[in-house]
Every structure is written in C-alpha cells, then in structure tokens.
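User: I would like to learn how to read the features of a structure like this one. Please take them one at a time.

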Amino acid sequence: MSIHFGILDSITESMAVINNSGEILFTNKAWRAFSSDNMVDDSCTGITNNYFTVCDKVKGDESKMAKFANLGIKKLINGKLEIFEYNTLATLLLKIDGLS
C-alpha cells in the first residue's frame, strides 16, 4: 500500500514522519525549508536517515532535549506512553557534531 503524506506540506510547523525504527519516511515543506535555511543538508535530516541516530549525535546544551525526544518517541512506539509532546527537534539539528 502506498502512503501519501503530501497533505502534511500544508502544515506550517516543521515535521518528519518516522517508522518504528526511526527511519525518516517523509519531511514536510517547513522541515525541508528549515534545514535548507540553516545549511543542514538531506544527508542528515532527509528521508531514509534515522531520527534516533540524529538525536544520538546532538551535542552541547541541546543534548538533553534530544535524549528526551529520543526516549519519549521510543516509549510511544513501544506502547509505554499514549501521548508524547515536545518542541521540534529542528533547532537541535544545528547542534549535531560537525554542523554547528
């Protein structure tokens, strides 16, 4: 079955759709624009990359938020949480080793 995420481009907040393993399946227009505007390329934030790996690579002050996001999303996927909310990781992507 083919899944179409194009409607998510109409959402103004940046977002990525991931699978249970953390693989990025889709990024909306706002996510891609943020990455491009901040000189972060698809090799880190684009489709087929792993969101959990990105979180693990975050350094500095933002690493606590990245660890929180990583753990919370995994708990949600594993059914240990019904709801998990956090601010976008997009700003954290700038703190990845080698990109900051």
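**Reading the model**

Analyst: Asn28 sits in the loop that joins strand E2 (24-27) to helix H1 (29-37). Helices (H or I, at least four residues) and strands (E, at least two) are DSSP runs, numbered from the N terminus. This is a predicted model, in which local features need pLDDT of at least 70 and side-chain atom pairs count only at pLDDT 80 or more, while totals for chains, interfaces and linings use all residues. Residues are numbered from 1 along each chain as its sequence is written, and side-chain values use heavy atoms, with hydrogens and water left out.

User: Is Asn28 buried or exposed?

Analyst: Buried means under 20% relative accessible area, exposed over 50%, and partly exposed in between (1.4 Å probe, protein chains only). Asn28 has a relative accessible area of 0%, so it is buried.

User: Which backbone atoms does the side chain of Asn28 reach?

Analyst: A polar contact is a pair of N or O atoms within 3.5 Å; within protein, one must be able to donate a hydrogen and the other to accept it, and residues adjacent in sequence count only if both atoms are side-chain atoms. The Asn28 side chain reaches the backbone oxygen of Glu13 at 2.8 Å and the backbone nitrogen of Met15 at 3.0 Å. For contact in general, the criterion is heavy atoms within 4.5 Å. Setting aside residues up to four places away in sequence, Asn28 touches Leu8, Asp9, Ile11, Glu13, Ser14 and Met15.

User: How many helices and strands does the chain have?

Analyst: The chain has 4 helices and 2 strands, in the order β-β-α-α-α-α along the sequence. Two strands pair if DSSP finds at least two bridges between them. Strand E1 (residues 16-18) pairs with E2 in the antiparallel sense over 3 bridges, and Val17 has Phe26 of E2 as its bridge partner. The hairpin of E1 and E2 has 5 residues between the strands, and Gly22 there takes a positive phi near 95°.

User: Which residues make up the largest nonpolar core?

Analyst: In soluble globular proteins, nonpolar side chains tend to be buried together. A nonpolar core is a set of buried Ala, Val, Leu, Ile, Met, Phe, Trp, Tyr and Cys residues joined through side-chain atoms within 4.5 Å. Here the largest has 9 residues: Ile24, Trp31, Tyr51, Phe52, Cys55, Val58, Ala66, Ile73 and Phe84. Helix H3 (51-57) and helix H4 (63-77) each supply at least two of its residues, and H3 gives the most, with 3.

User: What span should H4 have?

Analyst: The expected span of a helix is 1.5 Å times one less than its number of residues. For the 15 residues of H4 that comes to 21 Å, which agrees with the 21 Å between its end C-alpha atoms. Its buried residues are Ser63, Ala66, Ala69, Asn70, Gly72 and Ile73, and their cover includes E1 and H3. After H4 comes Gly79, with a positive phi near 80°.
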